[in-house]
Amino acid sequence: VQLQAYGGGLVQAGGSLRLSCAASGSISSIGFMRWYRQAPGKQRELVASMSSAGGTNYADSVKGRFTISRDNAKNTVYLQMNSLKPGDTAIYYCNADLSVAPDKWGYYWGQGTQVTVSS
């Protein structure tokens with residue numbers, strides 16, 4: 001099982017980016033899917049999460065600007081980032097609760113994707 005994140009890049013302040021993260025492998029079920037970020041010299045922080053039923057939560061710093069969504073048929077989670085600010089610059093990581101068999105759940109991380117917002 002692996003998570004593959006992509007979609008990062010360099011964008012000017014006020015711009016938009018859409019991150020994607022696809023889970024692949026022998027997957028039985030997917031629970032929560034999340035996006036974290038880590039800026040240089042800072043701890044990794046939770047940006048947004050989405051349950052399998054569609055419930056969402058956001059960090060206060062991104063509310064109203066970022067939208068998390070998922071396509072359960074494609075085992076993919078997205079993060080639409082609008083009105084980007086230089087403070088959003090970070091490596092973004094996806095994360096998911098996955099089961100490879102009934103009652104065998106694990107906590108999986110994707111590789112990071114760099115988002116850089118220039119002023």
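R65 is buried, with a relative accessible area of 11%. Buried means under 20% relative accessible area, exposed over 50%, and partly exposed in between (1.4 Å probe, protein chains only). The model is predicted: local features need pLDDT of at least 70, side-chain atom pairs count only at pLDDT 80 or more, and totals for chains, interfaces and linings use all residues. Residues are numbered from 1 along each chain as its sequence is written, and side-chain values use heavy atoms, without hydrogens and water.

R65 sits in the loop between β6 (56-58) and β7 (66-71). Strands (E, at least two residues) are DSSP runs, numbered from the N terminus. Leaving aside neighbours within four places in sequence, R65 is in contact (heavy atoms within 4.5 Å) with Q80, M81, N82, S83, L84, K85 and D88.

Side chains of opposite charge can pair when their charged atoms come close. A salt bridge is a side-chain nitrogen of Lys or Arg within 4 Å of a carboxyl oxygen of Asp or Glu. The whole structure holds 5 salt bridges. In one of them, D88 meets R65 at 2.8 Å, N to O. This pair links distant parts of the chain, 23 residues apart, with D88 in the loop between β8 (76-81) and β9. D88 is buried, at 2% relative accessible area. R37, E45, R65 and D88 are linked in a network of salt bridges.

D97 forms a salt bridge with R34, the closest N and O atoms being 2.8 Å apart. D97 lies in strand β9 (residues 90-101) and R34 in strand β4 (residues 29-38), 63 residues apart. D97 is buried at 17%, and R34 is buried at 12%.

Key: Helices (H or I, at least four residues) and strands (E, at least two) are DSSP runs, numbered from the N terminus.
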